[in-house]
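This briefing is meant to be read beside the sequence and the coordinates.

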Amino acid sequence: MANKNNTPVCGLCGKKKKLIKTDCCNNWICDDEDKYVIFSYAKNSCSRNHRRFTLCGSHNTEGHSGKWQSCKKCFDSFKHELEMYVWYGTNEYNFEVLENPPSYKPTYCAKCDNVIVLSDGGYSTLCRIYRCENCPISEKEREEIISQYKGGIKHKQLN
Ligand SMILES: [Zn+2]
Ligand SMILES: [Zn+2]
Ligand SMILES: [Zn+2]
Ligand SMILES: [Zn+2]
């Protein structure tokens, strides 16, 4: 994204000051990681958002080869949460989005059956069981879920 004078602008937010090129895809982006406060979970840093919350960024961080759009390793690492794969590949922190994102089944809370939007966070997960923020897993349930899960594994051949 460059304007008429070819002045570089951040491809995500359009700012012109203090830019760097991304390692992963060589696009101009705000050099703003210093704005991020550790553990604040704020999403105010363009470069951090791109590096941490896109397939392009994580593909590069993980040292995969080829294009992220067709990367099997990226796909495999999200296979259990395809919803997050699609979010990583299509959210507003991308310069280029996945053209044909795979379809996925929504995630439901195991207790109240409400749909959980994984990218919004706030849910809990244990042994592939998801709970929305209104239904936290109690200590007692935690033990039950774990023992059921272990029981399930015993019936499968692990390699
Ligand atoms: Zn920016
Ligand atoms: Zn990138
Ligand atoms: Zn990859
Ligand atoms: Zn719930």
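Helix 1 is mostly covered, with 6 of its 8 residues buried. The model under discussion is a predicted one, and in it the buried residues of helix 1 are Cys46, Ser47, Arg48, Asn49, His50 and Arg51. The elements that cover these buried residues include strand 1, strand 2 and helix 2.

**Overall layout**

- The protein chain has 5 helices and 6 strands, and, read from the N terminus on, its elements follow the order β-β-α-α-α-α-β-β-β-β-α.
- Of the 159 residues in the protein chain, 21% count as buried.

**Nonpolar cores**

- The largest nonpolar core has 9 residues, namely Leu55, Cys56, Trp68, Cys74, Phe78, Tyr85, Val86, Trp87 and Tyr88.
- Helix 2 (55-61) and helix 4 (82-90) each supply at least two residues of this core, and helix 4 gives the most to it, with 4 residues.
- Once its neighbours within four places in sequence are left aside, leucine 55 is in contact with Trp68, Cys74, Tyr88 and Gly89.
- A second, separate core of 7 residues includes Leu12, Trp28, Cys30 and Tyr93.
- As general background, nonpolar side chains tend to be buried together in soluble globular proteins.

**Helix 4 and helix 5**

- In helix 4 the buried residues are Tyr85, Val86, Trp87, Tyr88 and Gly89, and these buried residues pack against helix 1 (46-53), helix 2 and helix 3 (72-77).
- Helix 5, by contrast, is hardly covered, since the count of buried residues among its 16 residues is 0.
- Helix 5 spans residues 139-154 and reaches 23 Å from its first C-alpha to its last, which is close to the 22 Å expected at 1.5 Å a residue.

**The loop between strand 1 and strand 2**

- Asparagine 26 is found in the loop between strand 1 (19-21) and strand 2 (28-30), and this residue has a positive phi of about 60° although it is not a glycine.
- Asparagine 26 counts as exposed because it has 9 C-beta neighbours inside 10 Å, and the cut-off for that class is 12 or fewer.

**The loop between strand 3 and strand 4**

- Aspartate 113 lies in the loop between strand 3 and strand 4, and its phi is near 70°, a positive value in a residue other than glycine.
- Aspartate 113 is exposed because 9 other C-beta atoms lie within 10 Å.
- Asparagine 114 lies in the loop between strand 3 (107-108) and strand 4 (115-116), and it counts as partly exposed because it has 16 C-beta neighbours inside 10 Å.
- Leaving aside its neighbours within four places in sequence, asparagine 114 is in contact with Tyr108, Cys109 and Cys132.
- The C-alpha atoms of asparagine 114 and arginine 131 are separated by 9.0 Å, and the two residues are 17 residues apart along the chain.

Conventions. Residues are numbered from 1 along each chain as its sequence is written. Chains are lettered from A and ligands numbered from 1 in the order in which they are written. This is a predicted model: local features need pLDDT of at least 70, side-chain atom pairs count only at pLDDT 80 or more; totals for chains, interfaces and linings use all residues. A residue is buried if 20 or more other C-beta atoms lie within 10 Å of its own, exposed if 12 or fewer, and partly exposed in between; C-beta atoms are placed from the backbone. Two residues are in contact if their C-beta atoms, placed from the backbone, lie within 7 Å. A nonpolar core is a set of buried Ala, Val, Leu, Ile, Met, Phe, Trp, Tyr and Cys residues joined through C-beta atoms within 7 Å. The expected span of a helix is 1.5 Å times one less than its number of residues.
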